[in-house]
Amino acid sequence: MLALGASFPAHADDSSGGGTDTTGTGPTGQPDSDSSGSSGKGAIGAHIQVRQSKAGSSSSSTSKATSSNANWKPPVCWYEPMYTPEEYEEFIKSAYKGAQEPAASYAKKRDEEDYHKGDKGLWWQVQFRNDAYNEACPVTPDNWEIWVPQAQPKQDPHQLTPQTLSELAYNSTKLPTPPVELSPKGDRLVVNLGTRVKLDGDFDRVWTTASIDYKGVQMAATTVATPVALRIDAGTADADPQTCTYDLVKGDKGYTVDSKDAGCNVTYLRSSGSGTYPFKAAITWKVTWTDSADPDGPAQQPGLPDGLSTFEQDVTVHEIQSVNR
C-alpha cells in the first residue's frame with residue numbers, strides 16, 4: 001500500500017448501497033444476527049463478519065487455536081467487493097487528487113478505463129488480515145483493485161472465496177483450555193501412585209462463521225472444531241509412562257474422559273523435592289469446514305489442519321515414607 005503513497009486508504013465507507021451479485025454462485029447462507037449461544041463478534045477486512053459459538057462453560061478460559069501444522073498460515077490478503085463503477089470513480093478522484101508517482105499513473109490508468117462505467121459488475125479491492133502490513137501480500141501494488149464482471153469467466157486466484165473465509169474463521173477461532181482435574185490434586189501427587197485425569201465442566205465442539213453480505217455478494221464458511229483426544233505429559237522424564245493419550249467420548253453434556261480404568265496413567269517415580277513439575281495437557285481438535293453458515297452442512301475440501309488447545313500447571317509430587325516391621 002505504501003508503494004502507492006500514504007494517501008491510499010485501506011477501504012471505502014460502507015454507506016453506499018446497490019450493486020450486483022458477481023460471484024455467479026448465489027448466496028450460501030449468513031449467520032443470524034440474533035443467534036443464541038454466540039460468544040463473540042468481530043470483523044476482518046472491510047465487510048467480513050466473524051461469529052463464534054460458545055466455547056465451553058462460562059468458567060472456561062479460552063485461547064486462540066493453535067494449528068497442529070506449523071507450516072499452515074492464514075491468508076495475508078485477498079480481494080473483497082468494494083465499489084460500483086461510479087463509486088470507484090469518486091474514490092479514485094478523491095483519494096488520488098494531487099498524488100505523486102507512482103500513484104498518479106495508477107489513477108490515470110483507471111481513468112483511461114473509464115472505471116467500467118456502464119458495465120455490470122463491481123470493483124474488488126485488496127484487504128489485509130493484519131493492519132501492520134508486516135507480511136508479504138502476493139497482490140502487486142499496480143492492482144490494488146480489480147474489475148470483476150457479473151459473468152466472470154475466470155476467478156482471480158486472490159479473490160475472496162468460501163475457502164478463504166474458512167481459513168480466516170479458523171484463524172479467529174478461540175478454543176477452551178483443557179479443564180483438567182487431577183486425582184490426587186496437583187499439589188498432592190504421590191510417587192508410584194497413578195495420576196487419574198478427568199475433564200471437568202461443559203466441553204463440546206466449537207464453530208466459527210466468517211461471512212460477507214455486501215453489494216449482492218453473499219458468501220459464508222464455518223469451521224467446526226470437534227475435540228477428539230486428550231494428551232497429558234508429566235513434565236519430567238522421571239515418570240512411567242511420561243505421556244498418555246485418551247480418546248474423548250461424547251456424553252450428555254459434551255465430550256468427556258476419565259482415566260480411572262484406562263490402561264495408561266502417568267506415574268511419577270521421583271518426588272519433585274522443593275520444586276515442581278510442569279504438567280501439561282493438550283486437546284486435539286478435528287477441524288472441518290462448511291461453505292455456509294451451517295456448522296452441520298457437508299464438510300468441504302481441502303481440509304484444515306487439526307487444532308490444539310493446551311493447559312499447563314505446576315504439580316508437586318511427594319514421597320511417602322513408611323516403616324516395615
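## Overall make-up

The model is predicted. The protein chain has 19 strands and 3 helices. It runs to 325 residues, and 44% of them count as buried.

Now the contacts and the surface. Take the contacts between residues at least 6 apart in sequence: 75% of these join residues at least 24 apart. The protein chain exposes about 16500 Å². Carbon and sulfur atoms supply 46% of that area.

## Thr 164 in helix H3

Thr 164 sits in helix H3, which spans residues 162–172. Its relative accessible area is 12%, so Thr 164 is buried. Buried here means under 20%. Setting aside neighbours within four places in sequence, Thr 164 is in contact with Pro 75, Trp 78 and Gln 159.

## Aromatic pairs

The count of aromatic pairs comes to 13. One of them joins Phe 128 and Tyr 133: the ring centres are 5.0 Å apart and the planes stand at 85°, so this pair is edge-to-face. Phe 128 counts as buried, at 11% relative accessibility. Tyr 133 is partly exposed, with a relative accessible area of 39%.

Phe 128 also pairs with Trp 144. Here the centres are 5.8 Å apart and the planes lie at 65°, so this pair is edge-to-face too. The pair links distant parts of the chain, 16 residues apart. Phe 128 belongs to strand E6 (residues 121–128), while Trp 144 lies in the loop between E6 and strand E7 (145–149). Both Phe 128 and Trp 144 are buried.

## An aromatic cluster

One aromatic cluster is formed by Tyr 83, Tyr 88, Phe 91, Tyr 96, Tyr 106, Tyr 115, Trp 123 and Trp 147.

Conventions. Residues are numbered from 1 along each chain as its sequence is written. This is a predicted model: local features need pLDDT of at least 70, side-chain atom pairs count only at pLDDT 80 or more; totals for chains, interfaces and linings use all residues. Side-chain values use heavy atoms; hydrogens and water are left out. Helices (H or I, at least four residues) and strands (E, at least two) are DSSP runs, numbered from the N terminus. Buried means under 20% relative accessible area, exposed over 50%, partly exposed in between (1.4 Å probe, protein chains only). Contact means heavy atoms within 4.5 Å. Accessible areas come from the Shrake-Rupley method with a 1.4 Å probe; for residues, only the protein chains shown count as cover. Rings of Phe, Tyr and Trp (its six-membered ring) pair if their centres lie within 6.5 Å; planes under 30 degrees apart count as stacked, over 60 as edge-to-face and the rest as tilted.
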